[in-house]
Amino acid sequence: MVTFILRRMSESFFVLLVMSLLVFAGVYAIGNPVDLLISPEATPQDIERVTQALGLDKPLWAQYFYFLKQVLKGDLGHSFMFGTPAIDLLLSKMPATMELAVAAMLIASAVGIPLGLIAGLKADSWVGKTIMAVSILGFSLPTFWVGLVLIMFFSVELGWLPSSGRGATSLLLGMPVSFLSWEGIRHLFLPALNLALFKLALIIRLTRSGTQESLRQDYVRFARAKGLSESRIIGVHVLKNIMIPIVTVIGLEFGSVIAFSIVTESIFAWPGMGKLLIDSINNLDRPVIVAYLCLIVVFFVFINLAVDLIYATLDPRVRLGESAQ
Amino acid sequence: MKGLDTAQIESSSKRLWLTFAADPVALFGLVLLGLLILLALFAPLVVPQNPYDLAQLNILDGRLPPGSSSFDEKKFYFLGTDDQGRDIYSAIIYGMRISLGVGILSTLGALIGGTTLGLSAAYLGKKFDSLIMRIVDIQLSFPAILIALILLAVFGQGLGKIIIALITVQWAYYARTVRSAALVEMGKEYIEAARSLGLGHLRIIFKHLLPNCVAPLIVVAAVQIAAAIALEATLSFLGLGLPITEPSLGLLISNGYAYLMSGKYWISFYPGLALLIMIVSINLVADRLTDALNPRLQK
């Protein structure tokens with residue numbers, strides 16, 4: 001177990017290093033941020049002063065090592081646009097992204113698991129077939145276009161829900177959240193739904209195939225023979241067994257939901273990390289881009305590790321020591 | 001010693017046709033996809049105007065709703081016009097051309113690159129195999145959109161760059177698929193026979209191993225081509241994909257986004273619908289292909 005975690009950690013560290021090198025070197029190559037920051041009337045002396053202040057006059061490798069040293073101190077540089085530390089800027093946007101991602105996952109699970117169960121239990125009826133047809137559509141719909149259609153319908157045509165921003169936030173344990181006020185929920189609903197649709201189809205399909213598979217197993221036949229009620233067989237025995245892959249996927253997909261929230265946040269102007277990333281790419285705000293990418297890589301590394309561990313706990317057949325071979 | 005003889009090819013293509021004929025939904029997808037490809041191929045012949053010839057645009061026709069006639073009453077815009085008076089229908093057909101082209105090129109690139117690396121990994125084994133598979137594992141633990149976004153943020157936008165980004169994102173799927181298929185084949189006698197005959201490595205890999213690993217690759221390619229088109233559209237929508245000179249469907253949607261709030265939905269909506277139809281038809285075909293080519297499901 002310990003060797004497994006250590007091996008995964010060293011691998012993750014290597015990924016992080018390669019990524020930071022690639023991102024840093026590449027981001028350095030795209031345009032000169034000084035041009036964007038100073039007015040066209042600036043004298044050459046002004047330009048030089050700004051370049052020096054940002055450390056852009058030093059050679060590339062020196063900038064990278066300085067950057068690495070600072071990262072180890074927990075400092076990912078200052079945003080060129082806002083002048084504040086990039087990591088603080090990101091962390092201030094993090095609760096918004098997390099809230100959106102969690103809300104989306106809750107919607108996707110709350111709708112997807114029951115629909116998948118129905119589709120699995122009644123695979124040959126029109127109900128099951130309709131659910132599967134809808135899920136194929138769900139796979140095919142491009143997230144950003146669904147977002148636009150949602151805005152078109154609920155915000156422009158019906159005028160029921162706001163199309164952008166986060167609304168009023170209230171503090172929960174020191175973090176600003178939207179879901180505690182009605183106004184906040186109204187703002188949260190459309191983006192969360194948009195992001196959820198992207199995972200809904202996956203959860204439906206997974207639950208359906210799990211259900212179909214476990215219905216053929218001996219323990220279900222035995223439970224039936226024992227005379228257990230159908231609701232107990234499905235609610236307890238089937239559900240418990242199909243939860244293993246579902247939990248794994250929900251965990252694994254949480255990272256991709258955060259990555260995909262870049263799209264949703266841009267459409268709904270949700271003030272999270274994803275929108276900050278797109279804005280920063282457009283403004284050539286290098287430290288923020290690099291900080292975002294480093295943060296998300298660390299995040300993914302931990303999600304992958306956590307999912308492996310949860311999987312091992314849920315399914316005793318998984319032997320971590322063996323899988324490490 | 002041939003990988004596939006002609007009778008085998010004939011019977012498998014016949015079987016493929018039968019699987020499509022048996023499923024009306026998949027057949028519909030196939031016909032629709034064929035139609036879209038024809039429309040995209042012959043774009044200049046099927047549209048009323050060249051949407052990017054500025055001489056043919058009239059600013060007085062800007063933002064007309066679907067079903068309007070032009071200012072000079074000579075033209076009819078059944079899907080409306082955009083802010084520059086461009087016929088949306090023409091723009092969609094031209095956009096489809098670019099979207100399909102990018103999807104097909106990047107899929108081909110990823111297919112060739114991924115297959116070569118995956119086959120070599122299976123054939124050479126040992127260190128090379130574990131190196132390639134480590135990279136595949138690590139890459140597949142990140143969402144495709146994130147990797148593509150990083151690459152485009154790093155190298156900037158452009159037609160060539162987005163194709164390279166899509167290839168980089170997708171090669172791993174092919175490598176993993178073909179490797180596992182090839183590992184099964186490697187244990188069979190015909191490979192051993194080819195080796196004992198002293199055939200060259202390249203010849204064994206491409207003439208004997210590859211033809212027997214084609215079926216799973218087709219399935220992956222069918223699914224990935226739709227994914228590539230959707231990803232390109234998403235990136236272009238975010239302003240990180242294609243430049244304004246290569247207006248794919250994603251860019252058309254992005255262009256109309258600004259007018260959505262004022263109720264001028266058609267500038268974004270119809271290009272999005274075209275994108276959706278394209279992706280759905282590919283997925284319907286892919287779904288059927290998966291069933292047809294999956295040996296475990298064959299009766």
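**Figure 1. Packing of helices α6 and α7 in chain B of a predicted model.** Helix α7 of chain B spans residues 159-186, and α6(B) packs against α7(B) at an angle of about 145 degrees, with the axes 9 Å apart. Axes are lines fitted to C-alpha atoms, for helices over the stretch in contact, and angles run from 0 to 180 degrees between N-to-C directions. Helices (H or I, at least four residues) and strands (E, at least two) are DSSP runs, numbered from the N terminus.

**Figure 2. Residues at the contact of α6(B) with α7(B).** Two residues are in contact if their C-beta atoms, placed from the backbone, lie within 7 Å. From α6(B) come A144(B), I147(B), A148(B), L151(B), L152(B) and F155(B), while α7(B) provides K161(B), I162(B), A165(B), L166(B), T168(B) and V169(B). By class, this contact has 10 nonpolar residues, 1 polar and 1 charged. Ala, Val, Leu, Ile, Met, Phe, Trp, Tyr, Cys and Pro count as nonpolar, Asp, Glu, Lys and Arg as charged, and the others, Gly among them, as polar.

**Figure 3. The side of chain B that touches chain A.** Here 34 residues of chain B are in contact with 34 residues of chain A. At least two residues each are supplied by α6 (144-155), α10 (214-237), α11 (249-260) and α12 (266-293) of chain B. The largest share, 9 residues, belongs to α12(B). This side of chain B comprises 25 nonpolar, 8 polar and 1 charged residues.

**Numbering and confidence.** Residues are numbered from 1 along each chain as its sequence is written, chains are lettered from A, and ligands are numbered from 1, in the order in which they are written. In this predicted model, local features need pLDDT of at least 70 and side-chain atom pairs count only at pLDDT 80 or more, whereas totals for chains, interfaces and linings use all residues.
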